[in-house]
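Good morning, and thank you for coming. Please keep the sequence and the structure in view while I speak.

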Amino acid sequence: MRFGDRLTAMVMHASARWTVRYGETLRFAGNDLPPPEVVRVPTRHGRVRVYVYRPPNPCGVYVHFHGGAWLMRYPAMDDWWCRYVAATAGVTVYNVDFRCGPYVAFPVAQHQCFDAASRVATGARVAVGGFSSGGGLAAAVCLQARDEGSWRPALQVLGVPALDLASDPDPAAGGMISPGLRDLVRRVYFPDPSTRGHPYASPLLAPELTGLPRAIVLTGEHDALRGDGDRYTARLREAQVDVVYDRTPGADHYFLTDDPIRARTTMAWVAEEIRRAVSGAASE
């Protein structure tokens with residue numbers, strides 16, 4: 001890893017708590033919940049903190065993986081979403097504080113997210129989800145669960161997911177996710193080019209997608225990652241996986257913040273899908 005890349009990644013990692021504020025306008029529900037409980041969960045790469053949001057009388061579990069390009073270790077960036085889902089869907093939300101670059105590289109975060117989700121899957125119906133790189137992690141968790149055959153998520157929520165780290169970014173792509181940022185992520189968290197096409201690094205390139213759980217795929221019209229979501233949706237459908245796809249018109253990567261009026265409808269709908277999936281209502 002080049003010194004400049006490591007230094008840039010270290011700054012992004014350390015400054016996320018002061019620079020990431022994209023969800024502050026979306027605190028529509030759950031603000032009255034108490035601070036999340038912090039538990040430490042063992043994984044094959046050491047213990048990770050998990051922030052647990054508990055509503056009264058929860059009906060199931062949702063495990064969330066935050067964004068941040070595998071470089072920003074700051075689960076509180078999605079506190080607004082975790083509170084909303086806990087309060088609106090009535091589920092216990094586990095927000096995983098997985099390790100990020102430049103201090104670890106693939107597949108540490110993928111393994112930690114899967115191991116943490118597996119710990120809470122015993123005896124409960126579990127949905128998983130995330131935004132951006134977290135959406136890619138959620139997809140990877142579902143692939144790992146299928147491959148191991150140990151448990152099966154009830155639903156995967158993939159918000160503006162990053163699903164292909166092997167293909168070169170389009171230098172002409174617009175939007176806030178620049179080709180330069182995507183290249184930095186690849187050099188720092190996926191430094192070995194031979195690993196970038198691994199299914200858990202790039203779920204879009206997995207040779208087989210059959211047997212995966214129902215998916216909700218959310219994209220923004222002008223997001224540079226929209227193609228990942230579009231193509232993954234098509235591949236899931238080809239594999240006979242039930243998929244609900246929603247594209248926010250006129251939106252970039254912060255697809256909910258770009259249109260907070262539409263966001264209310266989108267968030268309420270996704271929360272209801274989570275509730276139904278983990279309570280068993282979706283199969284009735």
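Predicted model: local features only at pLDDT ≥ 70, side-chain atom pairs only at ≥ 80, totals over all residues.

Let me begin with a term: two strands are said to pair if DSSP finds at least two bridges between them. With that in hand, please look at V38, whose bridge partner in β2 is Y51.

In what order do the 8 strands of the open sheet lie? The order is β1-β2-β4-β3-β5-β6-β7-β8, and the pairing is mixed. β1 and β8 (243–248) are the edge strands, each pairing on one side only. From one strand to the next, the twist averages 20 degrees. Helix α3, residues 108–121, packs on this sheet and touches β1, β2, β3, β4 and β5 (126–131). The direction of α3 makes about 170 degrees with that of β3.

I turn next to the loops. As background, most residues other than glycine have a negative phi, and most peptide bonds are trans. In the loop between β4 and α3 we find P102, joined to G101 by a cis peptide bond with omega of about 10 degrees. P107 is placed in the loop between β4 and α3 as well, and a cis peptide bond, with omega again about 10 degrees, joins F106 and P107.

Two residues other than glycine have a positive phi to note. N57, with phi near 50 degrees, is in the loop between β2 and β3. W70, with phi near 60 degrees, lies in the loop between β3 and α2. Are N57 and W70 buried or exposed? N57 is exposed, because its relative accessible area is 74%, and the cut-off for exposed is over 50%. W70 counts as buried, because its relative accessibility is 4%, where buried means under 20%.

A further loop residue is V91, between α2 (79–89) and β4 (92–97). V91 is buried, with a relative accessible area of 0%. Leaving aside neighbours within four places in sequence, V91 is in contact with several residues, including Y53, P55, V61, V85 and I274. V63 lies 28 residues away from V91 along the chain, and their C-alpha atoms are separated by 9.9 Å.

Finally, I come to the largest pocket, which has a volume of about 530 Å³. Of its 29 lining residues, G68, A69, S132, I177 and H253 are the closest to its centre. α1 (3–19) and α5 (179–189) each supply at least two residues of the lining, and the largest share, 3 residues, comes from α5. What is the division of the lining into nonpolar, polar and charged residues? There are 20 nonpolar, 7 polar and 2 charged. Thank you for your attention.

Note on methods:
Residues numbered from 1 in each chain as written. Heavy atoms only, no water. 1 Å grid on protein atoms, 1.4 Å probe; cavity = no way out; pocket = protein on both sides within 12 Å on 5 of 7 lines; lining within 4 Å. Points joined across faces, edges and corners; volume = space filled by probe spheres on them. Helix = DSSP H or I, 4+ residues; strand = E, 2+ residues; numbered from the N terminus. Nonpolar A, V, L, I, M, F, W, Y, C, P; charged D, E, K, R; others polar. Buried < 20%, exposed > 50% of the residue type's maximum accessible area, 1.4 Å probe, protein only. Contact = heavy atoms within 4.5 Å. Axes fitted to C-alpha atoms, helices over the stretch in contact; angles between N-to-C directions.
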